[in-house]
Amino acid sequence: MAKFTPQQAADVLAIKQVIYEWGDELDIHNGLKMRETDCLAEDVRYNVGGQWREGLVAVEAFYKGRAETMKAGAGLMTMRHIITSLRVGFEGEDHAKVGYLLVFFAALGDGPFDTYCDPLAVADVKMECRRDADGEWRISLFDSGQIFKRG
């Protein structure tokens, strides 16, 4: 059973919030306003699209490029990232490791959708979060492995 000091309990809430804001950013803006959301560290290490991206600038470039490719083709997706079973462990006062399950739905176009939609993927996610000099928690590492994937 996890036991936290009162400060760690408050930090867990802040860490959960930044992760939920990250998911909302992807769901609402397709990752195009990640900098404005301020949930990623400048030097974030981020595994997306099958490649590691080093730094916020590289993550922004990935999402911008993906959106441009989608718009030139079938159009942007509507996505929903459902975060569950979140666990936080502290590696130090300003560093936490986070694990959770991510259930991911996506469909082309704008919802609501009136057709059946099963999850595109279920992933085991590993994140690390860091309290930066300004006192805010940000995601410093994102990695995931899909345990179930739509064929």
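Which exposed residues does the face of α3 turned away from its buried side carry? Select V57, K64, T69 and A72 and you have them. Exposed here means over 50% relative accessible area, buried under 20%, and partly exposed in between, with a 1.4 Å probe and protein chains only.

Before moving on, a word on what is loaded. This is a predicted model, in which local features need pLDDT of at least 70 and side-chain atom pairs count only at pLDDT 80 or more, while totals for chains, interfaces and linings use all residues. Residues are numbered from 1 along each chain as its sequence is written, and side-chain values use heavy atoms, with hydrogens and water left out.

**Stop 1: helix α3**

Select residues 56–72, the 17 residues of α3. Helices are DSSP runs of H or I with at least four residues, strands are runs of E with at least two, and both are numbered from the N terminus. From first C-alpha to last, α3 reaches 24 Å, close to the 24 Å expected at 1.5 Å a residue; that expected span is 1.5 Å times one less than the number of residues.

Now colour L56, V59, F62, Y63, A67 and M70, which are buried. Look down the axis of α3: these buried residues fall within an arc of 125°, so they line one face of the helix. The arc is taken from the directions from the helix axis to the C-beta atoms. An α-helix has 3.6 residues a turn, so residues three or four places apart point the same way.

What do the buried residues of α3 pack against? Show α1 (6–29), α2 (34–37), β1 (40–48), β2 (51–54) and β3 (77–92) to see their partners, with contact meaning heavy atoms within 4.5 Å.

**Stop 2: aromatic rings**

Keep F62 and Y63 on screen. Their rings form an edge-to-face pair, 5.1 Å centre to centre with 70° between the planes. Rings of Phe, Tyr and Trp (its six-membered ring) pair if their centres lie within 6.5 Å; planes under 30 degrees apart count as stacked, over 60 as edge-to-face and the rest as tilted.

The structure holds six aromatic pairs. Another of them is F4 with F90, edge-to-face at 5.9 Å centre to centre and 90° between the planes. This pair links distant parts of the chain, with F4 in the segment before α1 and F90 in strand β3, 86 residues apart.

**Stop 3: the strands**

A hairpin of two residues joins β3 to β4, and the two strands pair in the antiparallel sense over 13 bridges. Strands pair if DSSP finds at least two bridges between them. Pick G89 and find its bridge partner K97 in β4.

Next, bring in β5, which pairs with β4 in the antiparallel sense over 10 bridges. Here A96 has C129 as its bridge partner.

**Stop 4: salt bridges**

Select R130 in β5 and D43 in β1. Their side chains meet in a salt bridge at 2.8 Å, N to O. The pair lies in strands β5 and β1, so it ties together parts that are 87 residues apart in sequence. A salt bridge is a side-chain nitrogen of Lys or Arg within 4 Å of a carboxyl oxygen of Asp or Glu.

Are R138 and D132 buried or exposed? Both are buried, and their side chains meet in a salt bridge at 3.0 Å, N to O. To finish, select D38, D43, R130, D132, D134 and R138 together: salt bridges that share partners join them into one network.
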